[in-house]
Amino acid sequence: MTQYIGGVLQGGASAVTADETTTTTGTVNDHAMTTPSTVPITFLRFTNALGATLTGLAGGAANRIVVLVNTGANAVALNHEDAASTEANRFVFPGAVNQGFNTDAAAIFLYDGASSRWRMVGRTS
């Protein structure tokens with residue numbers, strides 16, 4: 001049985017959520033999350049002091065969800081279909097437009113197993 005306790009989904013013996021923080025700066029291809037892809041929901045917090053650009057996110061698995069939150073001092077940019085990342089790790093955005101997230105912005109990504117891409121399904125402004 002899955003329950004919502006203290007702001008975290010709890011699912012019996014196996015974890016369904018994970019919290020992870022990164023201080024990534026500069027351009028990063030295929031950013032590797034430390035949370036295994038068997039954990040379906042990952043909260044990925046960016047606390048970078050300098051700007052960061054992600055061209056892809058490693059660890060995709062069908063229907064995996066990543067909530068990206070920028071609590072750092074500078075923007076985090078995500079590039080659409082950037083060839084610097086492995087195809088299966090790339091982001092795909094509507095209109096083929098790169099996305100930027102300022103401090104305190106957040107976005108939700110779903111890994112589309114059929115197209116092997118990360119799709120943004122929601123974001124703050």
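Me: Happy to start with a pairing detail: which residue in strand 13 is the bridge partner of Val 66?

Reply: Gladly, and please keep in mind that this is a predicted model. The bridge partner of Val 66 in strand 13 is Phe 109.

Me: How do you know that strand 9 and strand 13 count as a pair?

Reply: Pairing calls for at least two bridges between the strands. Strand 9 (65-70) and strand 13 (106-112) have five bridges, in the antiparallel sense. Five meets that requirement, so the two strands are called paired.

Me: What makes strand 3 and strand 11 edge strands?

Reply: The open sheet has six strands in the order 3-6-9-13-14-11, with mixed pairing. Strand 3 and strand 11 (91-92) each have a single partner strand, so one side of each has no neighbour in the sheet.

Me: Back to Phe 109: which residues does it touch, beyond those up to four places away in sequence?

Reply: Its contacts include Val 66, Leu 78, Phe 91, Phe 101 and Trp 118. Arg 64 and Arg 119 are also among them.

Me: Why is Phe 109 called part of a nonpolar core?

Reply: A core of this kind joins buried nonpolar residues through side-chain atoms within 4.5 Å, and buried means under 20% relative accessible area. Phe 109 belongs to the largest such core, which has 17 residues, and is one of those with the most contacts inside it, along with Leu 57, Leu 78, Phe 91 and Trp 118. Strand 13 gives the most to this core, with three residues.

Me: Why is Ala 75 called partly exposed?

Reply: Buried would need a value under 20%, and exposed one over 50%. Ala 75 has 35% relative accessibility, so it falls in between and counts as partly exposed. Ala 75 is found in the loop between strand 9 and strand 10 (76-78). Leaving aside neighbours within four places in sequence, its contacts include Asn 48, Gly 51 and Phe 101.

Me: Last one: how do the residues lining the largest pocket divide into nonpolar, polar and charged?

Reply: Seven are nonpolar, two polar and two charged. The lining has eleven residues, and Thr 17, Ala 18, Asp 19, Ile 41 and Phe 43 lie nearest the centre of the pocket. Strand 6 (41-46) gives the most to that lining, with four residues. About 200 Å³ of space lies in this pocket.

Terms used. Residues are numbered from 1 along each chain as its sequence is written. This is a predicted model: local features need pLDDT of at least 70, side-chain atom pairs count only at pLDDT 80 or more; totals for chains, interfaces and linings use all residues. Side-chain values use heavy atoms; hydrogens and water are left out. On a 1 Å grid over the protein atoms alone, a cavity is a set of points where a 1.4 Å probe fits but cannot get out, and a pocket is an open set with protein on both sides within 12 Å along at least five of seven lines; lining residues have an atom within 4 Å of a point. Grid points are joined across faces, edges and corners, and a volume is the space filled by probe spheres set on the points. Ala, Val, Leu, Ile, Met, Phe, Trp, Tyr, Cys and Pro count as nonpolar, Asp, Glu, Lys and Arg as charged, and the others, Gly among them, as polar. Buried means under 20% relative accessible area, exposed over 50%, partly exposed in between (1.4 Å probe, protein chains only). Contact means heavy atoms within 4.5 Å.
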